[in-house]
Amino acid sequence: MLKLANSKKLNMSAITPSSPYKPVSFSQTVITELMIPSYSNFGGKIHGGILLSLMDKVAYVCAAKHAGNYCVTASIDTVDFLQPVEVGDLVSLMASVNYVGKTSLVVGIRVISENIKTNKVCHTNTSYFTMVAKDEKNQPVLVPGLILENRDHVRRFFEAGRRKQLKQNYKQEADQINVPESEEICKQMLTGERCLISG
Ligand SMILES: CC(C)(COP(=O)(O)OP(=O)(O)OC[C@H]1O[C@@H](n2cnc3c(N)ncnc32)[C@H](O)[C@@H]1OP(=O)(O)O)[C@@H](O)C(=O)NCCC(=O)NCCS
């Protein structure tokens, strides 16, 4: 049985009694796309926004397949571009549901680029997209539980749960950041920073 931590009303119609859980492999998705010249930035490399858009697409397919519902992107957990992607590279984005909450799910995405001539493969980034399933009335809806099929799936589930906790702690701390009223104190605190207070 799926447990609900709070009493918020959720539409459970998407989950049939015979199949309240789905395996990770059911929704694993790969999108591969050739990087054409119109995707490049002023430096001749592939624009970061193109990669983000592809990541959002693969996250959507993976999440919607698991949820059996329309999904929206709620947040993205760090996007680090580790290597530039070149025009002519073949980019593959591999997406897998790492974690499910009640109406949200975390999709892990690994992006690799391949030079078609040399077959050299680079890991360009890994990110985690939190997606929320929605019903026909645009309300968050319960997602199926996740069947973890191997040790990697278990590790990813644990890691995603921990990241969720850390993000909550970070948000609480970030909300408490206060700017001192006194300009003198501000100046002292900004000693060593590359800024000047002019007004
Ligand atoms: C994200 C969104 C669905 C949250 O709606 P909400 O009414 O605040 O819903 P809730 O507070 O009940 O949260 C629903 C779930 O989303 C999760 N969630 C909400 N905001 C989140 C965020 N910023 N990051 C991660 N998870 C988030 C909650 O933890 C909850 O998960 P759970 O059900 O698994 O416990 C809503 O804000 C939304 O529709 N945003 C716009 C999304 C969109 O348009 N995306 C495209 C970007 S251009």
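Which residues of H2 are buried? In this helix, the buried positions are Leu51, Leu54, Met55, Val58, Ala59, Cys62, Ala63, His66 and Ala67. A residue is called buried if 20 or more other C-beta atoms lie within 10 Å of its own, exposed if 12 or fewer do, and partly exposed in between, with C-beta atoms placed from the backbone. The model is predicted, and local features are reported at pLDDT of at least 70, side-chain atom pairs at pLDDT 80 or more, while totals for chains, interfaces and linings use all residues. Residues are numbered from 1 along each chain as its sequence is written. Helices (H or I, at least four residues) and strands (E, at least two) are DSSP runs numbered from the N terminus.

Helix H2 covers residues 48-67. The expected span of a helix is taken as 1.5 Å times one less than its number of residues. For the 20 residues of H2 this gives 28 Å, and the end C-alpha atoms are 28 Å apart, which agrees. Just after H2, Gly68 takes a positive phi of about 70 degrees. Ala64, also in H2, counts as partly exposed because it has 18 C-beta neighbours inside 10 Å. Two residues are said to be in contact if their C-beta atoms, placed from the backbone, lie within 7 Å. Apart from neighbours within four places in sequence, Ala64 is in contact with Asn69, Tyr70 and Cys71. Ala64 and Ala74 are ten residues apart along the chain, and their C-alpha atoms are separated by 14 Å.

In soluble globular proteins, nonpolar side chains tend to be buried together. A nonpolar core is defined here as a set of buried Ala, Val, Leu, Ile, Met, Phe, Trp, Tyr and Cys residues joined through C-beta atoms within 7 Å. The largest such core has 35 residues, and those with the most contacts inside it are Met55, Ala59, Leu105, Val107 and Ile109. Two or more residues of this core come from each of H2, strand S4 (90-100), strand S5 (104-114) and S6. H2 gives the largest share, eight residues. Met55 touches Leu93, Ile109, Val111, Ser127 and Phe129, when residues up to four places away in sequence are not counted.

Strand S4 is mostly covered, with eight of its eleven residues buried. Strands are treated as paired if DSSP finds at least two bridges between them. S4 pairs with strand S2 (residues 29-34) in the antiparallel sense over six bridges, and Leu90 of S4 is the bridge partner of Leu34. S4 and S5 also run antiparallel and are joined by ten bridges. Val97 stands opposite Val107 in S5, and Val107 is one of the core residues with the most contacts. A hairpin of three residues connects S4 to S5.

The ligand is surrounded by Val72, Thr73, Ala74, Ser75, Gly101, Lys102, Thr103, Ser104, Thr130, Val132 and Pro140. Strand S3 (70-77) and strand S6 (121-134) each supply at least two residues of the shell, and S3 gives the largest share, four residues. By residue class, the shell holds four nonpolar, six polar and one charged. In this count Ala, Val, Leu, Ile, Met, Phe, Trp, Tyr, Cys and Pro are nonpolar, Asp, Glu, Lys and Arg are charged, and the others, Gly among them, are polar.

Two of the 25 residues of H3 are buried, so the helix lies largely in the open.

Most residues other than glycine have a negative phi. Thr78, in the loop between S3 and S4, has a positive phi of about 50 degrees although it is not a glycine. Thr78 counts as exposed because it has 9 C-beta neighbours inside 10 Å. Asn119, in the loop between S5 and S6, is likewise not a glycine and has a positive phi of about 65 degrees. Asn119 is exposed, with 8 other C-beta atoms within 10 Å. Ser38 lies in the loop between S2 and H2 and counts as exposed, with 8 C-beta neighbours inside 10 Å. Ser38 and Ile116 are 78 residues apart in sequence, and their C-alpha atoms are 18 Å apart in space.

Definitions and conventions:
Near = placed C-beta within 6 Å.
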